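I opened my notebook today to look through one protein model. Here is what I looked up, entry by entry.

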Amino acid sequence: QVQLVESGGGLVQAGGSLRLSCAASGRTFSRYAMGWFRQAPGKEREFVAVISWSGRSIYYADSVKGRFTISRGNAKNTVYLQMNSLKPEDTAVYYCAAAPLWTGNRSAAPTRLYEYDYWGQGTQVTVSS
C-alpha cells in the first residue's frame, strides 16, 4: 500500500512561515520526482513546486518563486516545502504527489496532475491578513 502523508499545515499571519512535510511509505521513492500542489476553495488544483529524485533539479510556479523552497530528505522518501512571506492568497489545501520518469530537464518538469501517480490526502494552510 503506497501512502503519502502530509503534515505541517496550520494558521499563520501574512508574512509568516510554515514548513510542510510529506512522508512516503510502501515503496521506494528514490526514482520518483516529488511535487507539491495546492487547491483553494472553488479553484482547480494547481502546481506549486517539484524536485527530482536526485534533488538536483527543482522547478517552481511563478507565484511562489523566491518565497517557497522545496527539498527532500537524504532517504529520498521525505519531501519538504518551506513557505516564507506567506500571503492570504496562499491559503489552500496543499498536496504532495509522486511522479515517475522526470530526469530533471526543466523544460519537461511535471506540472500537470496526470503526470503524478500517487497523492497525499492534503494539509490545510490558512494565511490571515
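My entries below go from the whole chain to single residues.

**Entry 1: the whole chain**

I began by noting that this is a predicted model. Written along the sequence, the pattern is β-β-β-β-β-β-β-β-β-β-β. I also looked up the radius of gyration, which is 14 Å and close to the 14 Å that the globule rule gives for 129 residues, so the protein chain is as compact as a globular protein of that length. The C-alpha atoms fill a box of roughly 40 × 30 × 30 Å along the principal axes.

Next I checked burial, and 44% of the 129 residues count as buried. The protein chain exposes about 6600 Å², and carbon and sulfur atoms supply 46% of that area. I looked at contacts between residues at least 6 apart in sequence as well: 59% of them join residues at least 24 apart.

**Entry 2: aromatic rings**

How many aromatic pairs does the structure hold? I noted six. One of them joins phenylalanine 37 and phenylalanine 47, with 5.7 Å centre to centre and 75° between the planes, and it is edge-to-face. This pair links distant parts of the chain: phenylalanine 37 belongs to strand 4 (residues 32-39) and phenylalanine 47 to strand 5 (residues 46-51), ten residues apart. Both phenylalanine 37 and phenylalanine 47 are buried.

I then turned to tyrosine 116 and tryptophan 119. Tryptophan 119 has 28%, so tryptophan 119 goes down as partly exposed. Stepping back, I saw that ring pairs link Phe37, Phe47, Tyr59, Tyr116 and Trp119 into a cluster.

**Entry 3: arginines over rings**

Which residue has its charged end over the ring of tryptophan 119? I found arginine 45 there, 5.0 Å from the ring centre. I also noted arginine 31, which lies over the face of tryptophan 53 at 4.1 Å from the ring centre.

**Entry 4: glutamate 46**

I placed glutamate 46 in strand 5. Is glutamate 46 buried or partly exposed? Its relative accessibility is 36%, so I wrote down partly exposed. Leaving out residues up to four places away in sequence, glutamate 46 touches Phe37 and Arg38. With arginine 38 there is a polar contact of 2.7 Å between the side chains. I checked tyrosine 94 too: 48 residues along the chain from glutamate 46, with 9.5 Å between the two C-alpha atoms.

**Entry 5: aspartate 90**

Where is aspartate 90 found? I located it in the loop between strand 8 (78-83) and strand 9 (92-100). Aspartate 90 has 0% relative accessibility, so it counts as buried. Which residues does aspartate 90 touch, not counting those up to four places away in sequence? My list reads Arg38, Arg67, Phe68, Ser85, Val125 and Val127. Arg38 was already in my notes as a contact of glutamate 46.

Conventions
Residues are numbered from 1 along each chain as its sequence is written. This is a predicted model: local features need pLDDT of at least 70, side-chain atom pairs count only at pLDDT 80 or more; totals for chains, interfaces and linings use all residues. Side-chain values use heavy atoms; hydrogens and water are left out. Rings of Phe, Tyr and Trp (its six-membered ring) pair if their centres lie within 6.5 Å; planes under 30 degrees apart count as stacked, over 60 as edge-to-face and the rest as tilted. Helices (H or I, at least four residues) and strands (E, at least two) are DSSP runs, numbered from the N terminus. Buried means under 20% relative accessible area, exposed over 50%, partly exposed in between (1.4 Å probe, protein chains only). A charge sits over a ring if NZ of Lys or CZ of Arg is within 6 Å of the ring centre and within 35 degrees of the ring normal. Contact means heavy atoms within 4.5 Å. The radius of gyration is taken over C-alpha atoms; the globule rule is 2.2 Å times the number of residues to the power 0.38. Accessible areas come from the Shrake-Rupley method with a 1.4 Å probe; for residues, only the protein chains shown count as cover. A polar contact is a pair of N or O atoms within 3.5 Å; within protein, one must be able to donate a hydrogen and the other to accept it, and residues adjacent in sequence count only if both atoms are side-chain atoms.
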